[in-house]
Amino acid sequence: MNQQQKPESFIPALIAGAAAGALSGVPLLGCLCCLWIIGGGMLAVHLASKSFPGNLTAGDGALIGALAGVIAAVVDTLISIPFQALNAELMQRLMERFAEYSADLPGNWREIMERGIGQPSPGWFFLGLVISAAIFAVLGAVGGVIGASLFGKKPAPPAPSAPPVQGATDVPKDPSHS
Amino acid sequence: MLKPGMKNRTKAWRIYALTLTGILVWLTSLGLAPYFRSRGIRLNSLIYSAFAPTCHQIPSRSFHICGFPLAVCGRCTGIYVGFLAGMLAVPLLKAIGRTRPPTILPLIVWTFPLAADAAANFLGIWSSGIWLRFGVGFLWGTILPFYLLAGLNSLFLREGPEKSGRETGSRP
C-alpha cells in the first residue's frame with residue numbers, strides 16, 4: 001500500500017464503535033460479551049475499506065479497530081449509566097426484602113452485600129472508563145485485524161493489455177538492420 | 001550495527017513479549033478482583049467495573065475465588081486463558097514477526113463451537129455448564145493472538161523490506 005495514502009479511519013470507527021458500544025451496553029444483548037466489540041472492529045474496517053481504493057494491511061485494521069474500541073467504551077459507559085441506576089434501585093429493594101429475613105442470614109450479611117454493591121466515586125468511574133477503553137481497544141484491534149483479513153484485500157484490476165499498434169505489420173524494415 | 005532483518009526480528013520479539021505481559025496482567029487482574037473483594041479492598045470495584053462492559057458477569061456462570069466470582073464469566077475466562085495458550089504457541093509455530101494474518105478459514109473453524117454453543121443456549125436447545133462454556137471460549141481464544149500479533153507487527157515492523165520465510169508474513 002502507498003505510504004502516503006491512508007484509509008479514512010475516524011468516521012468508520014465512530015459509526016462501528018457507537019453501534020458496538022450501544023449493543024454491548026444494553027443488559028440483555030450484553031450477554032455476547034466481548035464479541036460485540038470484536039464485531040465492531042470488523043465492521044469499522046469493512047466501512048473503511050469501502051471508501052478506500054487500496055488494500056488495507058493488518059496494521060491499518062488494528063488501528064481502525066482500536067479506535068472503534070475506544071469509541072465503543074465511551075458509548076457503552078454512557079448507555080450503562082441509566083441501567084446502573086435501575087440496578088441500584090432493584091438492589092435497594094432486594095436488600096429491604098433481605099432485611100425481613102435477616103434472622104436466618106449470617107451475621108455479617110449486610111456488610112457483605114454493601115461491599116459487593118458499593119458505588120464507585122467519580123474518580124474511580126473515570127479511571128474505570130480509561131481501563132475499559134484500553135480493554136476495548138485491544139478487543140477492537142483484534143476485530144480490526146480479522147476485518148482486514150476479510151475485507152482488506154481488493155481484487156486486483158485486470159492488467160491493462162497493450163493496445164494493438166495500427167499498421168505495425170506495415171512498417172517497412174530498416175535496411176540498415178539487415 | 002544490526003541488519004534490518006535482525007532489527008525487525010528483535011522488534012518482533014519485543015512486540016511478542018509486551019503482548020504476553022499484557023495478557024498476563026489481564027488474567028492476573030481477573031483473579032485479583034475476587035481476592036480484593038474478599039479482603040474488603042476497594043480496588044475490587046474498579047476491576048469489576050472495568051470488565052463489566054465486556055462481560056455480563058453473572059455469578060452463576062463465573063468461576064469463584066475466595067468465595068467471589070472472577071471479574072468475567074466462564075466463557076470470557078476461557079477466551080482469555082485460550083489467548084494466553086495461543087500466545088505460548090506462537091513461537092512454537094514460528095509465527096513471530098508475521099505481518100499477514102492467517103486466512104479466514106481457521107477463524108471460521110475455531111469460531112464454530114463457540115457460536116454453536118452460544119446459539120444453542122440462546123435458543124434453549126441445551127444449557128451449557130461452566131466448563132463447556134470455558135472450553136469453547138478457550139478454543140476460540142487460542143486463534144486470536146495470531147491475528148492480533150499480525151496486526152501489531154504490520155504496524156510496527158514497517159521499516160525495511162521483509163525477507164520471505166516462515167517468520168515474515170507467510171501464511172500458515
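## Chain B: order of elements

From the N terminus on, chain B runs α-α-β-β-α-α-α. That makes five helices and two strands. The model shown here is predicted.

Chain B has 172 residues, and 47% of them are buried. Its accessible surface comes to about 8500 Å². Carbon and sulfur atoms hold 71% of that surface. Now take the contacts in chain B between residues at least 6 apart in sequence. Of these, 72% join residues at least 24 apart.

## Chain A: helices and surface

Chain A reads α-α-α-α-α along its sequence. It has five helices and zero strands.

Of the 178 residues in chain A, 33% count as buried. The chain exposes about 10400 Å². Carbon and sulfur atoms supply 68% of this area. For contacts in chain A with a separation of 6 or more, 79% come from residues 24 or more positions apart.

## Where the chains meet

How much area do chain B and chain A bury between them? The value is about 3000 Å², with 73% of it on carbon and sulfur atoms. The size of an interface is often given in this way, as the accessible area lost when the parts come together.

Which elements give two or more residues to the side of chain B that touches chain A? They are helix 1, helix 2 (43–51), helix 3 (74–92), helix 4 (104–123) and helix 5 (130–156) of chain B. Helix 5 of chain B gives the most, with eight residues. In total, 36 residues of chain B are in contact with 36 residues of chain A.

Polar links can also be counted here. Across the interface of chain B and chain A, the rule finds three residue pairs in polar contact, both residues at pLDDT 80 or more. Salt bridges across this interface number zero.

## A closer look at Thr19(B)

Thr19(B) lies in helix 1 of chain B, which spans residues 4–39. Is this residue buried or exposed? Thr19(B) counts as buried because its relative accessible area is 13%, and the cut-off for buried is under 20%.

What does the side chain of Thr19(B) reach? It reaches the backbone oxygen of Ile15(B), at 2.7 Å. Now leave aside the neighbours within four places in sequence. Thr19(B) is then in contact with Phe83(B), Met87(B), Leu148(B), Leu149(B) and Leu152(B).

## Cysteines and disulfides

A disulfide is a covalent bond between the sulfur atoms of two cysteines. How many disulfides does the rule count over all chains? The count is zero. Cys66(B), for one, is in no disulfide. The nearest cysteine sulfur to that of Cys66(B) belongs to Cys55(B), 19 Å away. A disulfide needs the two sulfur atoms within 2.5 Å.

Cys66(B) is partly exposed, at 45% relative accessibility. Cys76(B) is buried, with a relative accessible area of 1%.

Conventions:
Residues numbered from 1 in each chain as written. Chains lettered and ligands numbered in written order. Predicted model: local features only at pLDDT ≥ 70, side-chain atom pairs only at ≥ 80, totals over all residues. Heavy atoms only, no water. Helix = DSSP H or I, 4+ residues; strand = E, 2+ residues; numbered from the N terminus. Buried < 20%, exposed > 50% of the residue type's maximum accessible area, 1.4 Å probe, protein only. Polar contact = N/O pair within 3.5 Å; in protein donor to acceptor, adjacent residues only side chain to side chain. Contact = heavy atoms within 4.5 Å. Areas by Shrake-Rupley, 256 points an atom, 1.4 Å probe, with all protein chains shown as cover. Buried area = accessible area lost by both parts, 1.4 Å probe. Salt bridge = Lys/Arg side-chain N within 4 Å of Asp/Glu carboxyl O.
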